[in-house]
Amino acid sequence: MLLIEAGKNKTNYVRELWQYRELLFFLTWRDLLVRYKQTAVGFLWHILKPFLLLITLTLVFGKLVHLGQDKGYPYVLLVITGLLPWQFFASTLSDCSESLIVNYQLITKIYFPRILLPISSMIITFIDFLITAGMLCILLVYYRFVPPKEIIFLPFFIIELLVLSFALGVWSAALNVRYRDCRQLVPFAIQFGLYISPVAFSGSIIPEKWRLLYHLNPMAGIIDGFRRTIIGGEESIYWPGQLVSICVIGIILYLGLTYYKHIEKFFADII
Amino acid sequence: MTLLVEHLSKKYSVLRNQKLETETLKDKLTAGLKRVFSPKKIIKNAPHEFWALNDVSFSLDPGDKLAVIGKNGAGKSTLLKIISRITPPTNGKITVRGKVAALLEVGTGFHPELTGKENIYLSGALLGMSKIEIAGKFDEIVDFSEIELFLDTPVKRYSSGMFVRLAFAVAAHLEAEILIIDEALAVGDTQYKKKCIDKLEEVGKEGRTIIFVTHDMWALRFCNKGLLLENGSVVPTDSLADCVAKYSGSGSPQKGSSWSGKFENGPVVIHSLEYTPPKSPLGKGSVSIKISLLQAIPDLFVGFLIVNRSGNIIVRHKITGESGSEIKFLQGSYEFLSEIDPGMFLNGIYTIELDILLPEGKKISHQGIAVSFEIFRPENSGNLQDTLLTGWKGDFKSIPCMI
């Protein structure tokens with residue numbers, strides 16, 4: 001028996017997600033299928049894209065620009081360990097923020113837990129993430145590079161990355177339903193974020209006194225974490241900064257989910 | 001009871017002086033600034049309220065088929081959207097027993113790039129079917145949609161008819177206690193509509209509850225309950241027929257008209273031509289022609305024309321007079337009766353003219369003998385072809401001599 005009552009909002013997300021797990025699969029499957037319809041190589045693009053990126057990076061930074069060769073690891077590894085989390089973050093944020101509004105026809109005509117849409121976007125970007133991670137492994141083998149023992153902390157940073165991307169993605173998706181300004185803002189924020197996050201440079205170039213402040217950008221903590229656990233470096237993980245990043249991620253998660261939950265029921269009315 | 005709706009209301013806020021549906025950040029900011037700088041003035045863009053539904057209550061038992069009717073903007077779609085949980089109510093409560101499946105639009109969830117087969121799975125899942133269920137019903141769905149040949153073609157290359165058939169086929173095979181269908185029949189051709197209605201009748205017999213919205217009055221024949229909405233409120237009615245009557249013109253029957261007199265033209269005397277409107281809103285009207293023959297005419301053609309306002313003949317109906325028919329009209333008086341279904345006409349004024357031909361093909365002049373009738377139903381979508389398919393019954397009989 002189902003009760004629909006005004007003003008009640010007691011959605012049990014976990015139970016609903018379980019009930020609708022098949023639909024989640026179908027939505028993800030749809031987006032994956034649609035992406036490569038009418039292409040000649042189809043799913044190969046999933047591998048080709050990161051591979052082409054890898055070749056470019058290796059050629060440009062490994063052979064042409066002789067940067068950072070003195071640090072004990074090739075510069076290309078520094079770039080790809082930054083790009084791996086950053087690309088996931090950027091594509092998750094932009095795909096999630098669009099996920100609700102591009103499916104407005106579904107939202108206004110069919111009931112299902114709306115959270116499935118940003119989640120399925122994230123599953124797809126996560127598949128890309130895994131493939132890029134595979135490329136990174138190939139590169140490590142190519143350079144005969146053995147990661148330091150801090151590698152055991154890597155899963156922790158991956159979780160941090162997933163939570164942050166999900167929280168911001170869901171938040172921006174909900175905001176986008178209400179204010180289309182978000183649509184303009186997100187690409188700009190991503191571009192801006194690329195410059196203020198240590199993607200193409202090492203976080204260690206930031207002066208000591210600004211380090212803590214710098215970690216207010218949670219991506220700084222995550223990228224730093226990825227880099228330190230995969231290729232090591234002269235210093236170990238900067239824990240005070242990491243703590244700041246975790247707090248910021250926690251706040252974003254809380255705000256994002258609260259806002260999402262607050263307007264979720266009205267999506268069909270205001271989209 | 002499968003569905004109990006109690007005092008359901010839904011309020012929408014509409015921004016005045018604004019065309020945009022979604023307010024942007026700027027609206028919020030400027031409204032905020034206005035509040036800061038002129039706190040006492042009333043803000044122009046203040047939203048005003050609009051009640052799409054107002055205190056709607058009804059209940060349905062298993063096997064009930066409810067027809068929801070009303071003009072555009074009466075709140076029909078809002079009601080369905082609340083029952084199917086797409087949008088929350090502002091006030092009131094709904095108790096649902098069983099699974100609800102809603103088809104608020106044909107083809108929702110279809111992706112143009114995907115093939116027919118892929119879309120069956122996708123839209124099935126979106127409408128609430130499990131993968132196993134869809135796989136189990138796959139052949140049935142394909143059969144119903146008649147698109148076997150194009151299963152592996154992207155639906156963007158389908159004709160609109162194929163698309164609609166496939167979409168409805170999926171929805172028609174939903175396993176749910178309550179099936180909600182909104183305007184699914186507004187698209188598609190007559191045969192498709194008929195097939196859908198037949199399918200719905202079949203589904204209804206299985207004891208499932210159906211909530212059905214349509215503007216096609218003829219499509220309501222399988223419903224047993226009616227709910228008439230007007231400006232978001234329920235108009236009290238005591239039956240489905242009453243409901244339809246109140247909807248199609250405030251309960252007043254269509255006006256009839258007649259001509260009678262004595263018009264002699266060769267061997268034929270025309271006495272009267274009469275149009276009787278249907279007694280019930282879903283019923284049929286009738287046309288009666290009374291003539292006398294001054295001599296036996298072996299092969300008389302009697303019928304009438306229905307002419308629309310712009311003078312085009314839209315129907316030529318013959319009651320009798322198949323060439324080579326056996327009927328021999330003896331001298332005497334006859335009444336020709338024919339049923340006519342107002343459901344086939346679009347809104348407008350129509351004229352019925354006599355169409356009488358003598359065996360040699362000589363037309364009997366009927367100058368001035370014509371009756372007219374007016375069809376007015378709010379938002380009529382017209383079902384011309386369907387009625388023609390089922391045909392009209394015509395008959396004639398001998399009546400006491402009128403000369």
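I began with Asn231(B), which I found in the loop between strand S8 (225-230) and strand S9 (233-235) of chain B. I keep in mind that this is a predicted model. The phi of Asn231(B) is near 50°, a positive value in a residue other than glycine.

Arg144(A) is not a glycine, yet I noted a positive phi of about 50° for it. Arg144(A) counts as exposed, because I find 6 C-beta neighbours inside 10 Å of it, and the cut-off for an exposed residue is 12 or fewer.

My last entry concerns where the chains touch, and I recorded 28 residues of chain A in contact with 35 residues of chain B. On the side of chain A that touches chain B, the elements giving two or more residues are strand S1 (2-5), helix H2 (21-35), helix H5 (104-109) and helix H12 (267-270) of chain A. Which of these gives the largest share? I found that H2(A) does, with six residues. Sorting this side of chain A by class, I wrote down 16 nonpolar, two polar and 10 charged residues.

I also followed S1(A) across to chain B, where it pairs with strand S4 (residues 91-96) in the antiparallel sense over four bridges. Within S4(B), I looked up the bridge partner of Glu5(A) and found Lys93(B).

Key. Residues are numbered from 1 along each chain as its sequence is written. Chains are lettered from A and ligands numbered from 1 in the order in which they are written. This is a predicted model: local features need pLDDT of at least 70, side-chain atom pairs count only at pLDDT 80 or more; totals for chains, interfaces and linings use all residues. Two residues are in contact if their C-beta atoms, placed from the backbone, lie within 7 Å. Ala, Val, Leu, Ile, Met, Phe, Trp, Tyr, Cys and Pro count as nonpolar, Asp, Glu, Lys and Arg as charged, and the others, Gly among them, as polar. Two strands pair if DSSP finds at least two bridges between them. A residue is buried if 20 or more other C-beta atoms lie within 10 Å of its own, exposed if 12 or fewer, and partly exposed in between; C-beta atoms are placed from the backbone.
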